[in-house]
Structure formats: structure tokens, C-alpha cells
Amino acid sequence: MPVSRRALVVALGCLSNFCLSNFCLSGFAAAQQSDQVIAERVLGPLWKQLSCRAGMIFAGTVLTAATQTGIVQTAAPDRAVSAPAPMVQLSFRVDQAIAGVEQGQILTIHEWAGAWSMHRPMSSGQHILIFLYPLSRLGFTSPVGGSLGQVALDPTGKNVSKSGQKPPAPIGLRNESPPRPPADTHSVSVVHLERAIRSARGEE
């Protein structure tokens, strides 16, 4: 093959690889932007703060929910607290781990009853995407921003519920965030939200 022709083939090959690389990068950027748009639509304008302030994030199934008082074993290992006021104990099965938990884990948490009253109640069998604060010194936690940290899922636990309810009077991340706008949750997969959440937390 003449040198000039060989050079042309090499040049065309390099150009093809360059274009393919740029196409892949553009596709990735577009997908990432799409995930972020979906996250804002479902979680609200403060979705990045919501994602970063949570210590535990997962899609899971509520196993039990009950009010208790007295000495209880908290979610923190080898730590028990005396409850000066009623508290709510909840157990979840982690179906899709995103942050701070493990897939398949049975997680039991304790929440002060006053915090429980500031978000939507959770019942046994419910599928939910939940953002929980890091454990407090006493081992308590609750959804970040009250109802803002709860997203109802459909019966499969893999998609946002089409009938997801708008939070009643959300308390916000610092008691001042605007309410979440009504969201068109049609065909929104937890996978899309997980990618956006991980990106916001700097895990991608």
C-alpha cells in the first residue's frame, strides 16, 4: 500500500475512534443530565442536598412499624437508650442499597415520636425509597426533610408510584425548603434516581 494511502487509512481510523469516543461521552453526559432532571422532578429542587445529607439511602420494604417506650436496642451496635418519650421502631428490608446500607439487610431504626408525626406514616408491606439522616448520638434517625425524604414506590418496588402523594406540609431540610412540586412519576425507575443520587454524592 502506498505511503500516502496508508496514512489516509490511519488518519480515518483515528478520526473514527475520536468521533466514537466523543459520541460515547456525549451519550453519557446526556444520560446523566436526564437522570438529574428526573431526580429534580421527583425529589424536588433540593434533591442534591437531600442526597448529600442522608446517611442511609435505599429502596426497601417496610416490615414492621410500632410505637415503643422504655429501654430499646437502637440501630447502633451495643448501644441502648432510655426513652424519655414515646418512640417509633421500624424495620425495613433493603431491596436496593444506595448509601450506608447493604443489599438484603434487615434494618431496624428508632425514631422519636415527634419526628414521626412530621412525615407520612409508613405501614407494613409498603415499598419506599427513603433518605435517612445519619444516626444521632442516641442512635435515632428519621427521613431527611420529613416527607421530602420519602418516595412511594409501586408494588414491584422498582418504580416510583404513579399515585405518589404530595407531602402534606413538608418541614424541609432546615425547616425552610419549599414544598416538592407535583411530579409526573410515570415510568420513573429507581435506577434513574440512584444514578443521580450517587452522582450528587460524588460516587461516580
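A nonpolar core is a set of buried Ala, Val, Leu, Ile, Met, Phe, Trp, Tyr and Cys residues joined through side-chain atoms within 4.5 Å. Buried here means under 20% relative accessible area, exposed means over 50%, and partly exposed is anything in between (1.4 Å probe, protein chains only). What you're looking at is a predicted model, where local features need pLDDT of at least 70, side-chain atom pairs count only at pLDDT 80 or more, and totals for chains, interfaces and linings use all residues. Residues are numbered from 1 along each chain as its sequence is written, and side-chain values use heavy atoms, with hydrogens and water left out.

**The nonpolar cores**

- The largest nonpolar core has 23 residues, and the members touching the most others are V42, L43, I57, L129, F131, V160 and L193.
- At least two residues of this core come from each of helix 1 (3–43), helix 2 (47–53), strand 1 (56–73), strand 2 (80–99), strand 4 (127–132) and helix 4 (190–200). Helices (H or I, at least four residues) and strands (E, at least two) are DSSP runs, numbered from the N terminus.
- There's also a second, separate core of 16 residues, with V62, A97, V101 and I128 among them.

**A look around F131**

- Leaving aside residues up to four places away in sequence, F131 touches L43, L50, S51, A54, M56, I57, S142, P143, V144, G149 and I197. Contact means heavy atoms within 4.5 Å.

**Salt bridges**

- The structure holds five salt bridges, each being a side-chain nitrogen of Lys or Arg within 4 Å of a carboxyl oxygen of Asp or Glu.
- One of them joins D35 to R195, with the closest N and O atoms 2.7 Å apart. D35 sits in helix 1 and R195 in helix 4, so this pair ties together parts that are 160 residues apart in sequence.
- D35 is buried, at 4% relative accessible area, while R195 is partly exposed at 33%.
- R93 and D95 pair up too, at 2.8 Å from N to O. Both ends are partly exposed: R93 has a relative accessible area of 33%, and D95 comes in at 28%.
- R198 meets E203 in another salt bridge, at 2.9 Å from N to O. R198 is partly exposed at 22% relative accessibility, and E203 is partly exposed at 39%.
- R198 and E203 also belong to a network of salt bridges that links them with E194 and R201.
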